[in-house]
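Subject: Structure for your review

Dear colleague,

Please find below the structure that I am handing over to you.

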Amino acid sequence: MNLPGYHSSGQFARLAGVSVRTIRYYDRQNILKPSYVNPSGARFYTDSDLARLQQILLLKYLGFSLDDIREITIGDTDGHFLKNSLMLQKKLVQDRIEQMQLVENAIDNTVRALEKERQIDWSHMLELIHLTGMEKSLKLQYQNATNISARIRLHRDYSANRQGWFPWIYEQCRITGEMEVLELGCGNGALWTENLARIPEDAKIVLSDISEGMLRDARRNIGSADSRFSFRVFDCARIPFDAQSFDLVIANHVLFYCEDLPAVCEEVRRVLRPGGRFLCSAYGKDHMKEISDLVRRFDSRIVLSARKLYEQFGLENGREILGACFPAVDCLLYEDSITLDRAEPLMEYILSCHGNQNRILLDRYKEFRSFTEKKTACGFHITKNAGLFVCHVSSAEKTRNLTSGAARKDEL
């Protein structure tokens, strides 16, 4: 039987350079289903299936398990997601290359030391070799990068406020020449890549994140040759800088993830100079509420986030939390909303959430897509309830915690 645009299992396997047995195995594992099954049970595949198989094989090569691949590629049958997914896979490959280059350099250094009969630091070699087995961290990095990109695209492409979140945040920073700035939890560096032309040439900006993978993304996106930026990995509850080191500290949608929020606030207060400011964003309880309502109507078991982050730190309680450390706190609201008439960006956002949705939707993806298409066909409105707290350090405050700051640095 000849179906234009379709390949039999054998033809598909030959195109992909794998065995028919492998194709059948992926089918049984519910990771690569055929696009068409005829009444007699024969399976047929399309070029879109070939693209999905490429992703499966690449992720498998990078060390992901089939369970991991099944979950993180749930939406990749849609062409809308394919380019984004490929670009993120490219970043994974770049990270693995960087890791292997570190190991190669360590081997070269060890060989040179042996030739010169110097003492070998085998512990350092073993530490670097462990980088080649980073499947778990690669999975986490892939998911983090996917999630951040999906959320940025939804807000960037469909928000009513055309200024955009990152340009608005940057405007509130009021960065002038020679200011020293620290960003906590910089993610992929979007705050700076969207405002590069506006940053003074003599500003000094330290970007930090607890994730080395996120910091690598930020460095790539900004460019390592830009002398205005430096990059540091650390936990924001233990900032490795002297007291009064910065004029401005920024935490964009970060504080609600912090386990010890009072310690973070104390650290920020410690490293700010007199007259300095702390800008930290948050959202309120109504933020994106229509999306949660949508998925619950489809399946009441779905929870997009196991934690209500706005209860940890949000617009409703942020001023009180910050007020324990900063006597002067202002709150600025970002007026915005989202209206969609397409299902794909909404589905991409939903699949990026930290809840249980991917496990539940795995076997109901096409049904969920159809449901979402009907809900967005006549326009789908999404409430946005986000803003920024601006904390001020008095210019009259000369020396707060200077000695404790030096002690803290010594501990690090």
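To what does the accessible surface of the chain come, and what percentage of this surface belongs to carbon and sulfur atoms? The accessible surface is about 20,700 Å², and carbon and sulfur atoms hold 50% of it; areas come from the Shrake-Rupley method with a 1.4 Å probe, and for residues only the protein chains shown count as cover.

Please note that this is a predicted model, in which local features need pLDDT of at least 70 and side-chain atom pairs count only at pLDDT 80 or more, while totals for chains, interfaces and linings use all residues. Residues are numbered from 1 along each chain as its sequence is written, and side-chain values use heavy atoms, with hydrogens and water left out.

Overall composition

The chain has 18 helices and 12 strands (DSSP runs numbered from the N terminus: helices are H or I with at least four residues, strands are E with at least two). Of its 412 residues, 49% are buried (under 20% relative accessible area, with a 1.4 Å probe and protein chains only). Among contacts (heavy atoms within 4.5 Å) with a separation of 6 or more, 81% are between residues 24 or more positions apart.

Strand pairing

Strand β4 (residues 180–184) has 4 of its 5 residues buried, so the rest of the structure largely encloses this strand. Strands count as paired if DSSP finds at least two bridges between them. β4 runs parallel to β5 (residues 204–209), with 4 bridges joining them; E183 has L207 as its bridge partner in β5. β4 also pairs with β7 (residues 246–251) in the parallel sense, over 4 bridges, and there V181 stands opposite L248.

A separate description applies to β1, β3 and β2, which form an open antiparallel sheet in that order. β1 (7–8) and β2 (36–37) stand at its edges with a single partner strand each, so one side of each has no neighbour in the sheet. Between β2 and β3 (residues 43–45) there are 2 bridges, and Y36 has F44 as its bridge partner in β3.

Individual residues

R270 belongs to helix α11 (residues 261–271) and is buried, at 3% relative accessible area. Its side chain reaches the backbone oxygen of F241 at 2.8 Å.

S211 lies in the loop between β5 and α10 (212–222). A polar atom of the S211 side chain is 3.1 Å from the backbone nitrogen of M214.

Yours sincerely

Methods
Buried < 20%, exposed > 50% of the residue type's maximum accessible area, 1.4 Å probe, protein only. Polar contact = N/O pair within 3.5 Å; in protein donor to acceptor, adjacent residues only side chain to side chain.
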